[in-house]
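The stops below follow one another, each with something to select.

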Amino acid sequence: MRPERVVDYEVGFQQELNKRSAIKFSAYYREMRDMLQARTILYVPVIGQYETYGNIDFGTVKGFTLQYDLRRVQNMELRLAYTLQFADGTGSNANSQRGLTTRGNIRNLFPLDYDERHNIQAVLDYRYSSGKAYTGPRISGKDILADFGVNFQMSAVSGKPYTATLRSTRFGGAGTLGAINGNRLPWRMNVDMRVDKIFVLSGKGKNQFSVNVYFRAANLLNRKNVIGVYPTTGSPTNDGYLASQEGQSVVRGITESGQNSEAYLASYSWVVQNPNNFTLPRRLYVGAIFGF
């Protein structure tokens, strides 16, 4: 097999709006060639057909990014960025077409698994300097908030694509419904916060020994962002199996055999609540960084 090839093109433009702010624009295009994909070799004497891998996949990723930068003004610094992207190809990975090539290795373009159409990022930093540049409150002549800052990182990303299925199975689905990757997960939104302060322990300038004490909160708002769903229902908590004819038949069989169907339903509900379908909850960190 030939090696996979990726060719990137990018062009950008940056314009200063004033002495403290600027706007940036960049457009990019990525072409992926000779990507590996499972394929079926048909009409082979004696054995009929067999599966192997070949350099038959290709894809493109194209988009642009618009960014606004505001340098520190009265202790505040801001960065905003928006990215619009289209990632299309014939296969998201080397096995994404497995089971779909028994009637020929037909190549069709569809959104790739990692296609995120919209991506909005914002970074807000509010920080006090030290020495003559300090502008914060003072108590008994001391700069109590010198080298103290609060940082927020905010993001909003549109959902990745997934393929809907026609029939629900245990914790999954079977039978493609509609186009491959024709459905989308909901948007994800997240806010991270970091509060820190630098304490100078000894020395000055290059010989300074200091410690940065920080408190960080990941997923500050404790949002339950959905990153995975059951393909038949589109729900992160219900696969639809127990409501199907097959599921109802299984429950009736358990009841008729004299076993406890309530225990089966309870244990099934535990497993179907897959935590991997959600982002991690709020996490709190406390730490220190020594600098010398």
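**Helix α2 and its surroundings**

Select α2 first: its buried residues pack against β11 (165-169) and α1 (245-256). Helices here are DSSP runs of H or I with at least four residues and strands are runs of E with at least two, numbered from the N terminus; contact means heavy atoms within 4.5 Å. This is a predicted model, in which local features need pLDDT of at least 70 and side-chain atom pairs count only at pLDDT 80 or more, while totals for chains, interfaces and linings use all residues. Residues are numbered from 1 along each chain as its sequence is written, and side-chain values use heavy atoms, with hydrogens and water left out.

Which residues of α2 are buried? They are Ser-261, Tyr-264, Tyr-268 and Val-272. Looking down the axis of α2, these buried residues fall within an arc of 60°, so they line one face of the helix; the arc is taken over the directions from the helix axis to the C-beta atoms. An α-helix has 3.6 residues a turn, so residues three or four places apart point the same way. Now select Glu-262 and Trp-270, which are exposed on the other side of α2. Buried means under 20% relative accessible area, exposed over 50%, and partly exposed in between (1.4 Å probe, protein chains only).

At the start of α2, show the side chain of Asn-260: one of its oxygens reaches to within 2.9 Å of the backbone nitrogen of Glu-262.

**α1 against α2**

Val-250, Val-251, Ile-254 and Thr-255 in α1 meet Ser-261, Tyr-264 and Leu-265 in α2. The two helices, α1 and α2, pack at an angle of about 140° with their axes 9 Å apart. Axes are lines fitted to C-alpha atoms, for helices over the stretch in contact, and angles run from 0 to 180 degrees between N-to-C directions. α1 and α2 are therefore oblique to each other, given that angles under 35 degrees count as roughly parallel, over 145 as roughly antiparallel, 65 to 115 as roughly perpendicular and the rest as oblique.

Move to Asn-277, in the loop between α2 and β16 (283-291). Asn-277 is buried, at a relative accessible area of 9%. Leaving out residues up to four places away in sequence, Asn-277 touches Asn-225, Val-226, Ile-227, Gly-228, Val-229, Tyr-230 and Pro-236.

Select Tyr-43 in strand β2 (residues 21-44). Its phi is near 55°, a positive value in a residue other than glycine. Is Tyr-43 buried or exposed? At 77% relative accessibility, Tyr-43 counts as exposed.

Finish at Asn-181, in the loop between β12 (172-176) and β13 (183-184). Asn-181 has a positive phi of about 55° although it is not a glycine, and Asn-181 is buried, with a relative accessible area of 6%.

Methods:
Polar contact = N/O pair within 3.5 Å; in protein donor to acceptor, adjacent residues only side chain to side chain.
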